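Open the model in your viewer and keep the sequence panel beside it. We will go from the whole chain down to single residues.

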Amino acid sequence: MLHLKEKNGIRRIHEPITMGLPFPKGLVSDSSALAMYTENNEVIPLHVQVTARWSDQSIQWALLDLLASVEPYETLTYRLTCEESRALQLKPSPLVFLQNADTCIVKTGLASFFLNPHVFTPFRRVMVDGVDRLDESGNSFILTDGEGQELEAQISSTVVECEGPIRLTLRCEGVFSGASSRGPRFIGRLTFYAGSGTVMLQFTLHNSQAARHPGGCWDLGDEGSFFFEDLSWLLALRDSGKSVQGWNVNPHESMNFGEYSRIEIYQDSSGGPNWSSSNHVNKVGQVRQRCSGYQVMRDGRVLREGKRATPSLFIKQGEIALAGTIQNFWQNFPTALEADDKRICLRLFPHQFDDIYELQGGEQKTHTCVVAFTSSANPESAINWIHAPLRPVISPEWYEGSKAIRYLSPRNQDKNVEYGQFIATAIQEPNSWISRRERIDEYGWRNFGEIYADHEAVRSLENPPLISHYNNQYDVIFGLLLEYLRTGEERWFSLMQDLARHVIDIDIYHTQEDRPAYNGGLFWHTDHYVGAATATHRTYSRVNKETMGADSYGGGPSNEHNYTTGLLYYYFLTGDPLGAESVKELADWVIDMDDSNGTILGVLDRRPTGRASSTVDRAYHGPGRGAGNSVNALLDAFVLTRKRQYLMKAEELIRRCIHPLDNIRKHHLEDIEHRWSYTVFLSVLGKYLDLKVVEEEVDEHYAYAREALLHYAAWMAENEVPYKQVLHRVEIPSETWSAQDMRKSHVFNLAAKYAGTPLRDVYLKKARFFFDACLVDLKTFETNMLTRPVVLLMTNGYVQEYFDLHPDESAPVPKHINDFGMPKQFTPQMNEVYRLREIIAGIIGSLKGVFR
């Protein structure tokens, strides 16, 4: 059953809905066998797009597209069935796509859109009811660069990304170009809907150049940045008589009508209590927001002012109207909507802002907007849905039963009340994560969706508080997604979706023009206990380097900070192709950073660089989070693409970093300051084993990984204690250490699954011990509800809750345990040269001390 509940008091008419749904292995093989019924047993049009399959080729994940009409505050129930033996009789879809060298045409049944195949305007003509409604001369999509030159969006390719009876999505890619300059890349995804004049545009502006990052610092003002003044989409109605404009600043208020020469709604800042936060500094450290919130201007005069606008705007002539809006309008400030007597303008980066915009090297920004050519009766109803889209609710029991996400269990089956209370603090007021955004005004086009890293501000006495960005550390996207699936609570989904979109655009380094160790990588969180300054979400600022006086300060993306699982399931749940592209980009980063052919030294030494497997220092290639995160990204890419190269590279790194006969004492795991993250690797090793079971590949690689996991679990059972007992060994004895104990519980549960009796019972008891110890010890810290400890509980503790319900879960035992030989030391590319350089540097340092 799918439940649709209208919660916003908005009447929905044929609203498009796209949702991801998992299926148990073996249940459905043919997507055409799926059918959707209303409560009255009426079949409704449905499009199913398979996004992942199980090893037996049955459907694992699929995107469902449908159209729903719901009255304000009404709840509808739909029933999804599998009817492989029955051919459903449905009306043919009116959606048609035609393409040739000179034009592309999309027919929806209500409207025909003629697209310019060479320049992303994007429309040449729009026919509604057989009448040409668009004035092509007033239609454009223009980027104005920092010198005031207007750049056109030159299209290099247009492909059909999705084609079904409900929606059709075109992906247009190209570059902004002018008479004398070349600008950034763009990707425009245009989605058309059956029987509708509404079009949704997901537009990504992308600076593919590399940043120069002098001295390992990534501040604004970098030579690789692109500077610009405006990015706007203008559409004009063909003049057919008297025009009337309509607008509002909130979907719940009535539309304002008038005959204006010009109406403008401009959002300059968040309108929050800290709207002028230093979070919004430009390259010279200035905040250029000028007012708190938005202004509505009529014919050049201020008509209205307010804090946070969620506006809609239209013009109408006779029986036709042209409406438009921008999703997350105030959150992604600066933004603007404008209209005159025949045109509307959607300004994604408006020229009204009192500064120039800077898109950093490898940075991108995606906006979503909607326009509609519709009847003049209630044109706003064709676009308002984008501000609060309907989201079907599926029972947590369905997600659990699908086994598409391992160890998922419904929250209502959970008996660990205290654990649930810790997790719930993220959405409970007055200190929810959304409320915490207000402290540093985590809004604006570069910041919206980010989680405030409040744990970094604990030691700071600054008022206003330290600006610190979280950058998806420990995969908070995955944690939020888990809570949504376990509860059906929409607040979890909203947090997850906002953060995923931010991470995809801002936190990933989208370039192939830098060094392989950085290209396509994920930036670390803001450096520990210092402010972001002018480095935005890129960790290291020259401001901090100068303050510290440390020549060695700086860096870039690293394998130890690479989180893909949340992005993978974000894609499966929403169908956002940017999610899938990001998972693949981060997995390819792992392969490329380890490939010696991508380095200057590759001619002399073909050994892998070791950058994908090192943790803390380049010489350590044992189990740690660097290798663990790399393997995890490769596994996720394999699930996404089914390409064996990702699984093979994951197995290569596993063999490199762990062995069933390791002398564990040589790894010095008791050095918790530097070796704590071996549990990250072991958790990922368990994920690899789970994948091999699902793939029905109980082979030598499986046997090797299983024996290695159990070897380390035996060591843990004899040696590990709660971190609270050994905090004297760490530099900063914070609450995070106790939260990290949840990883030990996670590992012991996995070990219990893969061990036979009697070890299974031993490991289950150990798992419960560390789960309980984590919660008890956390309560002794006043800071136990900061972001980072809650994330650690969220992304690891759910496994304990599953094994509480399924303590007898086991895994296949290999028929033959091979002789895996003895462990071999991995030496990365040019290892001897690096060691010699370190020795020489040490000698020089000693001599400087002698002669000082």
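Helices and strands here are DSSP runs, numbered from the N terminus; a helix has at least four residues and a strand at least two. With that rule, the protein has 17 helices and 29 strands. Keep in mind that this is a predicted model.

**Stop 1: the whole protein**

Show the C-alpha trace. Along its principal axes, the trace spans about 85 × 75 × 55 Å. Now think about how the chain is packed. For 852 residues, a compact globule would have a radius of gyration near 29 Å; the protein has 28 Å, so the two agree. Colour by accessibility next. Of the 852 residues, 62% are buried. Then look at contacts between residues at least 6 apart in sequence: 71% of them join residues at least 24 apart.

**Stop 2: a covered helix**

Select residues 565-574, which form helix α7. How many of its ten residues are buried? Ten of the ten are, and α7 is mostly covered.

**Stop 3: two helices side by side**

Select residues 678-694 for α12 and residues 700-719 for α13. These helices pack at an angle of about 145 degrees, and their axes are 10 Å apart. Is the crossing left-handed or right-handed? The crossing of α12 and α13 is left-handed. Show the side chains at the contact. From α12, pick out residues including Leu682, Leu685, Tyr688 and Leu689. From α13, the contact includes Ala705, Leu709, Tyr712 and Trp715. What kinds of residue meet here? The contact has 13 nonpolar residues, two polar and two charged. While you are on a helix, recall a general rule. An α-helix has 3.6 residues a turn, so residues three or four places apart point the same way.

**Stop 4: the cysteines**

Select the cysteine sulfurs. A disulfide is a covalent bond between the sulfur atoms of two cysteines. How many disulfides does the structure hold? It holds zero. Click on Cys291: the nearest cysteine sulfur belongs to Cys345 and is 18 Å away. Cys369 counts as buried because its relative accessibility is 1%, and buried means under 20%.

**Stop 5: two cis prolines**

Select Thr121 and Pro122. The peptide bond between them is cis, with omega near -10 degrees. Pro122 lies in the loop between β10 (111-115) and β11 (123-128). Now jump to Thr757 and Pro758. Their peptide bond is also cis, with omega near 5 degrees. Pro758 sits in the loop between α14 (735-754) and α15 (759-778).

**Stop 6: positive phi without glycine**

Select Asn328, in the loop between β25 (320-326) and β26 (335-339). Asn328 is not a glycine, yet its phi is positive, near 50 degrees. Finish at Val616, in the loop between α8 (577-594) and α9 (625-641). Val616 is another residue other than glycine with a positive phi, near 75 degrees. Is Val616 buried or partly exposed? Its relative accessibility is 45%, so Val616 counts as partly exposed.

Definitions and conventions
Residues numbered from 1 in each chain as written. Predicted model: local features only at pLDDT ≥ 70, side-chain atom pairs only at ≥ 80, totals over all residues. Heavy atoms only, no water. Axes fitted to C-alpha atoms, helices over the stretch in contact; angles between N-to-C directions. Left-handed = near helix turned anticlockwise from the far one by under 90°. Contact = heavy atoms within 4.5 Å. Nonpolar A, V, L, I, M, F, W, Y, C, P; charged D, E, K, R; others polar. Disulfide = S-S within 2.5 Å. Buried < 20%, exposed > 50% of the residue type's maximum accessible area, 1.4 Å probe, protein only. Rg over C-alpha atoms; globule rule 2.2 N^0.38 Å.
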